[in-house]
Amino acid sequence: MDFAEITCPTCCEVFEVAVPPPYEMPAEVDYDCEVCCRPLVIVFTEDDVYARGLGD
Ligand SMILES: [Zn+2]
């Protein structure tokens, strides 16, 4: 399983998340920041991973 580093849009801390298998791409996963526990959405595509806040 691959992991990717993302930056929390709320607290700007970096943490690692597990990347879904390629056949599930693209995917959007609801997640709680491991640092500040604020909800965010992690967007996985075949060549990028990033997080965005729920209100964006
Ligand atoms: Zn955070």
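This is a predicted model: local features need pLDDT of at least 70, side-chain atom pairs count only at pLDDT 80 or more; totals for chains, interfaces and linings use all residues.
Cys8 (SG), Cys11 (SG), Cys33 (SG) and Cys36 (SG) coordinate the ion at 2.3 Å. The angles subtended by the four donor atoms run from 103 to 115°, so the arrangement is tetrahedral. Along the chain, the donors are spaced as C-x2-C-x21-C-x2-C.

Strand 1 (residues 3-7) and strand 2 run antiparallel and are joined by five bridges. Threonine 7 is placed opposite valine 14 of strand 2. Six residues separate the two strands of this hairpin, and cysteine 12 adopts a positive phi near 65°.

In a regular strand, side chains alternate between the two faces of the sheet. Strand 2 (residues 14-18) has Phe15 and Val17 on its covered face. Val14, Glu16 and Ala18 are on the uncovered face.

The largest nonpolar core comprises 13 residues. Ile6, Phe15, Val17, Leu40, Ile42 and Phe44 touch the most other members. Strand 1, strand 2 and strand 4 each give two or more residues to this core. Strand 4 provides the largest share, three residues. Beyond its neighbours within four places in sequence, phenylalanine 15 contacts Ala4, Glu5, Ile6, Cys8, Tyr31, Cys33, Glu34 and Leu40. Among these contacts are the zinc donors Cys8 and Cys33.

Conventions:
Residues are numbered from 1 along each chain as its sequence is written. Side-chain values use heavy atoms; hydrogens and water are left out. Buried means under 20% relative accessible area, exposed over 50%, partly exposed in between (1.4 Å probe, protein chains only). Helices (H or I, at least four residues) and strands (E, at least two) are DSSP runs, numbered from the N terminus. Two strands pair if DSSP finds at least two bridges between them. Donors are N, O and S atoms within 2.8 Å of the metal (3.2 Å for Na, K and Ca); water is not among the atoms, so sites may look incomplete. Four donors count as tetrahedral if all angles lie between 85 and 135 degrees; four count as square planar and six as octahedral if opposite donors are over 155 degrees apart and all others between 65 and 115; anything else is irregular. A nonpolar core is a set of buried Ala, Val, Leu, Ile, Met, Phe, Trp, Tyr and Cys residues joined through side-chain atoms within 4.5 Å. Contact means heavy atoms within 4.5 Å.
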